[in-house]
Amino acid sequence: MRIFSTIFFLFCVFLIVNAQEAVKYSGFIAPVKPPFSFSGGFGELRTNHFHTGLDFRTGGAIGKPIYAVKDGYVSRVNVSPTGYGLALYLDHPDGTTSVYGHLSKFHPKVAERVKEEQYYREQFSVDITFSKKEIEFKQGEIIAWSGNTGSSGGPHLHFEIRNTRSENALNPLFYKMGITDNSAPKILSLYIYPVTDNSHVNRGFNKKRFDLLPDGKNFRLKENVSIEVFGQIGLGIQAEDYFSGGGMKCGIYSTKVLVDGIQQYGFQMDELSFNLGRYINTHIDYEEKIRNSRSVHLLFQQPGNRLRFYHNNENSGFIAVDDNKSHDVEIVVCDAFQNCTKLIFKLVSKSFNKRAENQTYSSRFRYDNQNVFENEQIRVNIPEGALGSDLNFNYSSKPSIGLYSPIHQVHNRFTPVMVPFSLAIKAEGFNQEWKEKLLIVDVNTETGKKSAIGGDFSNGWVFARSSVFGNFAVAVDTIAPVINSLSIKERKTLADANKLVFTITDNLSGIKTYRGEIDGKWVLFEYDPKNKMLVHYFDKTKMDLGKSHQLVLTVGDAKQNQKIYKATFYK
């Protein structure tokens, strides 16, 4: 009787939990009208981050209505020239927050509040927190219109659902919005990685890539033979998902690896932390991404990987194959709708006496320590948590031309860094008047192109922080930005009666400040860095019409070089 009561109690708990989950995920609508088409999915592998939402296509156009997915109030609005551009956040009673990014404009009652704040702060970029109940929307009401603002690569809506308390991104495909998908992911290629000095793959000590072919609903090796391995190895896959077979690839939801029927590894992307986003570079084959633009999921967990969506990882997913036997491997890849596909192959354990050649290196860095490398010309300080695994760190230098230090090769660009490290380079041969104009640059040694890292001069050294390894040197930036007017001819005649348009560019350190004044008063210029444009829309509430006006536009770069444009126009 006691056993029956226990079973009945557990059954009731199961029903209650599942009922709660059903309520949690129900009651949502999509932020755009169907039919739905997507250009990005949750968990997709992007540069230095996972994609944390859904990208709804808007037919290549801006100005499509965006709807509240559930009753809620505006908790935050962010306006930025980069990132999500114009973004709106709605808090909902169920503990979730919906996020709408790359908008072209907000609902008028939101837009009015934002503009007031921009003029109060005298800046385009604002991040505004709203009080509860200040601006509310009912489900299905228009809250904004789609756009292409921020770092968007084309018109679309970036949509997220977040846990309001933790601010972690939740997989929006679980929230019932009328989205369906009946096509399974595709596995494009298999990678096998020797992990230790005596590990090998087909008698080689470097990673191997294997092409795959469809095999019914699943996939198989193109060369349908067993793979010889020995020692500790890791697996990787290049895989993609497509909503209902559409042409745009999205992120896969889950993967698991079974060896001889026993699970060795698994991940499942239900929730993503923004604070850990850069640790994507421990989840992927970063070198393959940089060299060949291939996104490869590593099916093992590096020791410095701090991501939290792994489960059932025996030995962190590393596989020991040293018993001279054959082993069946099954890789299962699924999307959020439980459409799954498999790759099945054999690993044959065969020993190989030859060992990999020992590598030479400058220092041995531990992933779980702070690591420092320094000499008379350079100091590199890498904090704990920056590396995915122990590193054989290499350093060299060579003379430079037109720079104010040697070129310092700090390891290589194929190794990721998850936390920015400190970099100091001794400057030499510079004009003392340039001290405030010195900065560190990353030099492409093949093309000579310089990319600004930034930095400040102090006591003969330039100090900066970098998120990548590379070839660093000290340069100087004494050249002011360039301002080009597209709408004021000869500094007096308007080409467009509704707005002022300029392009602004900088040669090295990058645009940092911009300020426009008409008749001595600050006016709002919207900045679009991807198109290098500054735009001011005339607002009759902010200026007197029917007379001549004085415009002063000042643009500065990161090394305090300024350009000033002045004009008189009639409006």
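Of the 571 residues in the protein, 47% are buried, a figure that, like every value reported here, was computed from a predicted model. The secondary structure comprises four helices and 48 strands, and the C-alpha trace spans about 90 × 70 × 45 Å along its principal axes. The accessible surface of the protein amounts to about 28,300 Å², and carbon and sulfur atoms account for 48% of that area. When contacts between residues at least 6 apart in sequence are considered, 69% of them are found to join residues at least 24 apart.

The open spaces of the model were examined next. Rolling a probe the size of a water molecule over the atoms shows where empty space is left. The largest pocket holds about 1,500 Å³ of space. Its lining consists of 37 residues, and those closest to the centre of the pocket are Pro194, Val195, Gln359, Ser389 and Asp390. Two or more lining residues are contributed by each of the elements β14 (186-194), α4 (286-292), β30 (391-393) and β33 (416-426), and among the contributors to the largest pocket it is α4 that gives the most, with three residues. Sorted by class, the lining of the largest pocket contains 15 nonpolar, 14 polar and eight charged residues.

The second largest pocket holds about 970 Å³ of space. This pocket is lined by 37 residues, with Leu86, Ser104, Thr149, Glu526 and Tyr537 lying nearest its centre. The elements that supply two or more residues to the lining of the second largest pocket are β8 (96-106), α2 (108-121), β42 (499-505), β45 (526-528) and β46 (533-537). Of these, α2 gives the most, with seven residues. The class composition of the lining of the second largest pocket is 19 nonpolar, 10 polar and eight charged residues.

Within α2, the residues Val110, Val114, Glu117, Gln118 and Tyr119 are buried. The helix is followed by glutamate 122, a residue with a positive phi near 55°.

The volume of the largest cavity is about 90 Å³. Fourteen residues line this cavity, and Phe42, Leu173, Asp241, Gly251 and Ala336 are the closest to its centre. The lining of the largest cavity divides into eight nonpolar, three polar and three charged residues.

Tryptophan 461 is placed in strand β37, which covers residues 461-468, and it counts as buried because its relative accessibility is 10%, where the cut-off for a buried residue is under 20%. Leaving aside residues up to four places away in sequence, tryptophan 461 touches Asn375, Glu376, Gln377, Ile378, Arg379, Ala424, Ile425, Lys426, Ala427 and Asp456. Tryptophan 461 and isoleucine 407, which are 54 residues apart in sequence, are separated in space by 15 Å from C-alpha to C-alpha.

Several features of the backbone were also recorded in loops. A cis peptide bond, with omega about 5°, joins proline 34 and proline 35, and proline 35 lies in the loop between α1 (2-25) and β1 (38-40). Glutamate 167, although not a glycine, has a positive phi of about 65°, and this glutamate belongs to the loop between β12 (156-163) and β13 (169-170). Arginine 491 likewise is not a glycine and has a positive phi, of about 60°; arginine 491 is found in the loop between β40 (488-489) and β41 (493-494). Because its relative accessibility is 44%, arginine 491 counts as partly exposed, a class that lies between the limits of under 20% for buried and over 50% for exposed residues.

Definitions and conventions
Residues numbered from 1 in each chain as written. Predicted model: local features only at pLDDT ≥ 70, side-chain atom pairs only at ≥ 80, totals over all residues. Heavy atoms only, no water. Buried < 20%, exposed > 50% of the residue type's maximum accessible area, 1.4 Å probe, protein only. Contact = heavy atoms within 4.5 Å. 1 Å grid on protein atoms, 1.4 Å probe; cavity = no way out; pocket = protein on both sides within 12 Å on 5 of 7 lines; lining within 4 Å. Points joined across faces, edges and corners; volume = space filled by probe spheres on them. Nonpolar A, V, L, I, M, F, W, Y, C, P; charged D, E, K, R; others polar. Areas by Shrake-Rupley, 256 points an atom, 1.4 Å probe, with all protein chains shown as cover.
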